[in-house]
Amino acid sequence: MATMTHDGRSAALVQNPVYDSAALLGRILLAWMFVPAGWGKIGGFGGTVSYATSAGLPLPEIGVAIALVIELIGGLMLLVGFGTRWAALALAIFTAVAAFFFHNYWALPADQQMMQQLMFGKNMAITGGLLAFFAFGPGRFSFEGRRRD
């Protein structure tokens, strides 16, 4: 029988350096997408608002400001493993919502659908990875993991 932690997870899973390394790499790769995107919105706020307006986003200035905060702050939190579960959940919701607004392939002409369907699927896959971090946490190679040791 496996040794269990206080929250019901297998101690072998929690203490495995291979899993912790994979979690660290996963956090880095996901943050690599969000942090630069959020940072880019600071200097390109007006252009991003114009793009959001053309996509039919309601209240585009507010939406872009929220996106900037979620991507930059949430991405940094995910990167370092601080407040990881909530950052991952916020990023997952943001990514899924963005897919519906910006990759709505079902509403496009047939010659434009394939690329947007691929982008929609990519967003859904990223959402799945973020939900895994929400469910399982950041691993031991994180600020949260260091506090537990």
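Reply:
**Salt bridges and pocket**

Lys-41 counts as buried, with a relative accessibility of 14% (buried is under 20% relative accessible area, exposed over 50% and partly exposed in between, for a 1.4 Å probe and protein chains only). The model is predicted: local features need pLDDT of at least 70 and side-chain atom pairs pLDDT 80 or more, whereas totals for chains, interfaces and linings use all residues. Residue numbers start from 1 along each chain as its sequence is written, and side-chain values use heavy atoms, without hydrogens and water.

The partner of Lys-41 is Glu-71: the two form a salt bridge whose closest N and O atoms are 2.7 Å apart (a side-chain nitrogen of Lys or Arg within 4 Å of a carboxyl oxygen of Asp or Glu). This pair links distant parts of the chain, with Glu-71 in helix 4 and Lys-41 in helix 2, 30 residues apart (helices are DSSP runs of H or I with at least four residues, strands runs of E with at least two, numbered from the N terminus). Glu-71 also counts as buried, at 6% relative accessibility.

Rolling a probe the size of a water molecule over the atoms shows where empty space is left. The volume of the largest pocket is about 590 Å³ (a pocket is an open set of points on a 1 Å grid over the protein atoms alone where a 1.4 Å probe fits, with protein on both sides within 12 Å along at least five of seven lines; the volume is the space filled by probe spheres set on the points, which are joined across faces, edges and corners). Its lining consists of 28 residues, and nearest the centre lie Ala-67, Glu-71, Phe-94, Ala-98 and Phe-102 (a lining residue has an atom within 4 Å of a point). Five helices each contribute at least two residues to this lining: helix 2 (17-43), helix 3 (45-54), helix 4 (60-80), helix 5 (84-102) and helix 6 (110-136). Sorted by class, the lining comprises 20 nonpolar, five polar and three charged residues (Ala, Val, Leu, Ile, Met, Phe, Trp, Tyr, Cys and Pro are nonpolar; Asp, Glu, Lys and Arg are charged; the others, Gly among them, are polar).

The whole structure holds two salt bridges. One of them joins Arg-140 to Asp-20, with 2.7 Å between the closest N and O atoms. Arg-140 sits in the loop between helix 6 and helix 7 (143-148) and Asp-20 in helix 2, so the contact ties together parts that are 120 residues apart in sequence. Asp-20 counts as buried, at 3% relative accessibility.

Of its 149 residues, 33% count as buried.

Leu-30 is placed in helix 2 and counts as buried, at 13% relative accessibility. The C-alpha atoms of Leu-30 and Gly-75 are 7.6 Å apart in space, although the two residues are 45 apart in sequence. Trp-32 is likewise found in helix 2, but Trp-32 is exposed, with a relative accessible area of 62%. Together, Leu-25, Ile-28, Leu-29 and Trp-32 make a nonpolar surface patch of about 440 Å² (nonpolar side chains of Val, Leu, Ile, Met, Phe, Trp and Tyr joined within 5 Å, and like charges within 9 Å, from residues with over 30% relative accessible area and no salt bridge; areas come from the Shrake-Rupley method with a 1.4 Å probe, and for residues only the protein chains shown count as cover).

Tyr-51 and Val-64 are 13 residues apart in sequence, with 9.7 Å between their C-alpha atoms. Leu-59 belongs to the loop between helix 3 and helix 4 and is exposed, with a relative accessible area of 60%. Most residues other than glycine have a negative phi. Leu-59, which is not a glycine, has a positive phi of about 50 degrees.

Gly-121 has its place in helix 6 and is partly exposed, with a relative accessible area of 35%. Its C-alpha atom is separated by 9.1 Å from that of His-103, 18 residues apart along the chain. Phe-143 lies in helix 7 and is partly exposed, at 48% relative accessibility. Between the C-alpha atoms of Phe-143 and Thr-84 there are 9.3 Å, for a separation of 59 residues along the chain.
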